[in-house]
Amino acid sequence: MSDLKTGAEILIEDRLDMLQGKNIGVITNHTSIIRRNNGETEHLVDYLYRQPGITIKVLFSPEHGIRGDIPPGQHIDNDIDDRTGTPIFSLYGKCKKPTPEMLRDIDVLVYDIQDVGVRFYTYTSTLTYTMEAAAERGIQYLLLDRPNMLSNKIVEGPLLDDSLRSFVGSLPIPVVYGMTSGELAIMVNREKWLQGGIPVDLEVVPVAGYNREMWYDQTGLSWVNPSPNVRSMEAIVTYPGIALLEGTNISEGRGTGSPFLLVGAPFVNGAELEAYLNKKELPGVTFEKTVFIPESSGHLKGAPKYSNMHCEGVKIHVTDRDEIKPVELGLLIITAIRSLYPGKLRFREPWFDRLIGAGNVRLLIEKGLNAAEISTIWSDETSGFRQVSKQYYLYKNSEAVVASNEITNK
């Protein structure tokens, strides 16, 4: 077992008294894993369910479901947890914010989900909406922090335009915001971003032994796919930019064995695209021509783009993740295909605008600006966000600011 301990692991070792005699609701999914001293692992809910004096009244399920096996975009129904018999309320169906009835008799909401540090990954909105619901009902909110899967030193992309708020973008933060869930929750609370500006009674149990420049595979924690199509550390690195292709007619590799690492389309010449992209010398990545045929699978809602069609394109190789600019990577591929194949690129409006979070980016691409030129446009606001967000950091570059058993109350 590594020296690093998640907030959930610290809770069960030292702070279970916080939940004694309480009725709790748990916002969770398959990533809520705790390690025991005997080397075994189990789900936090299974552990808490056995503890005397702690009553789990309800579970709340985000996108992809409690077990993390539901395809992206597929709505989830309410259910019963087969292990504990606890009711599960879906937060990715008809309802994305807990209703007063769902929160009846709840004393504490506990949040424990592994996030990836990207604004349009919907766990960020689930965090915000559940904090709002707790604030409105006067319910305590206990967040068990986990490392960001990306290194927190990456902050990139435009801040969200207010006109583009949606479930894939509910906060005025960059595409890659460089904070853990706990840090982000404190910022949301202190900046009064919850509806009506009403703060929630928030407590964060920080990660121990964590520094903010760590990548997930440096933490010693076991790999668990945070969602069905994000299956490797390399895909985590490229995801913030390659997921932008979901808002275009370019395949982002869904329906293959390497989502977010393969890109292309039937009208692309792989060798031509490889040469064009490598010539740009974007830091941290190289490109290799490839062919692929997307196929439907249980990881997808419906058929992927170009299902059962021969596609050419490139495979992305991450050569130095500490130098990579993932959002610019996505824009580079989009602008390259627009330049190489005039008239072929199509945007899925308004989906692309919601993902990038700024309505002018699509227009700038259509005007012929390149990825580097577009990236400079938001550099000042991204730098400004980095400066503001620093006051909410719980972790330094070398060690946690707070002791392993301290609870933040912000």
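**Before you start**

This is a predicted model, in which local features need pLDDT of at least 70, side-chain atom pairs count only at pLDDT 80 or more, and totals for chains, interfaces and linings use all residues. Residues are numbered from 1 along each chain as its sequence is written, and side-chain values use heavy atoms, with hydrogens and water left out.

**Stop 1: the whole protein**

Show the cartoon. The protein has 11 helices and 13 strands; helices (H or I, at least four residues) and strands (E, at least two) are DSSP runs, numbered from the N terminus. The radius of gyration is 21 Å, close to the 22 Å that the globule rule gives for 410 residues, so the protein is as compact as a globular protein of that length. That radius is taken over C-alpha atoms, and the globule rule is 2.2 Å times the number of residues to the power 0.38. Turn the model along its principal axes: the C-alpha trace spans about 65 × 45 × 45 Å.

Now switch to a surface. The accessible surface comes to about 16,000 Å², and 45% of it belongs to carbon and sulfur atoms. Accessible areas come from the Shrake-Rupley method with a 1.4 Å probe, and for residues only the protein chains shown count as cover. Buried residues make up 59% of the 410 residues; buried means under 20% relative accessible area, exposed over 50%, and partly exposed in between (1.4 Å probe, protein chains only).

How much of the contact count comes from residues 24 or more positions apart? Among contacts with a separation of 6 or more, such residues account for 75%. Contact means heavy atoms within 4.5 Å.

**Stop 2: the cores**

Select Tyr-141 and Ile-333. These two have the most contacts inside the largest nonpolar core, which has 103 residues. Helix α7 (residues 326-340) gives the most to this core, with 8 residues. A second, separate core of 25 residues includes Leu-11, Met-18, Leu-44 and Tyr-47. A nonpolar core is a set of buried Ala, Val, Leu, Ile, Met, Phe, Trp, Tyr and Cys residues joined through side-chain atoms within 4.5 Å.

Stay with Tyr-141 and show what surrounds it. Leaving aside neighbours within four places in sequence, Tyr-141 is in contact with residues including Ile-27, Leu-109, Tyr-111, Val-200 and Glu-203.

**Stop 3: Gln-140**

Select Gln-140, which lies in strand β8 (residues 140-144). Gln-140 counts as buried because its relative accessibility is 14%. Not counting residues up to four places away in sequence, Gln-140 touches Lys-22, Asp-107, Val-108, Leu-109, Asp-201 and Glu-203. Draw a C-alpha to C-alpha distance from Gln-140 to Glu-203: the two are 63 residues apart in sequence and 7.9 Å apart in space.

**Stop 4: Ile-12**

Go to helix α1 (residues 7-14) and select Ile-12. Is Ile-12 buried or exposed? With a relative accessible area of 11%, Ile-12 is buried. Ile-12 touches Ile-34, Arg-36, Leu-44 and Tyr-47, not counting residues up to four places away in sequence.

**Stop 5: backbone details**

Select Glu-349 and Pro-350, which are joined by a cis peptide bond with omega about 0 degrees. Pro-350 is in the loop between α7 and α8 (351-356).

Next select His-64, in the loop between β4 (54-61) and β5 (79-80). Its phi is near 80 degrees, a positive value in a residue other than glycine. His-64 is buried, with a relative accessible area of 6%.

Then select Phe-260, in the loop between α5 (233-242) and β10 (262-265). Phi of Phe-260 is near 70 degrees, again a positive value in a residue other than glycine. Phe-260 counts as buried, at 0% relative accessibility.

**Stop 6**

Glu-274 is found in helix α6 (residues 270-280). Glu-274 is partly exposed, with a relative accessible area of 22%. Beyond residues up to four places away in sequence, Glu-274 touches Phe-287, Glu-288, Lys-289 and Val-314.

Finish at Tyr-392, in the loop between α11 (379-389) and β13 (408-409). Tyr-392 is buried, with a relative accessible area of 5%. Leaving aside neighbours within four places in sequence, Tyr-392 is in contact with Met-179, Glu-183, Ile-186, Met-187, Arg-190 and Glu-191.
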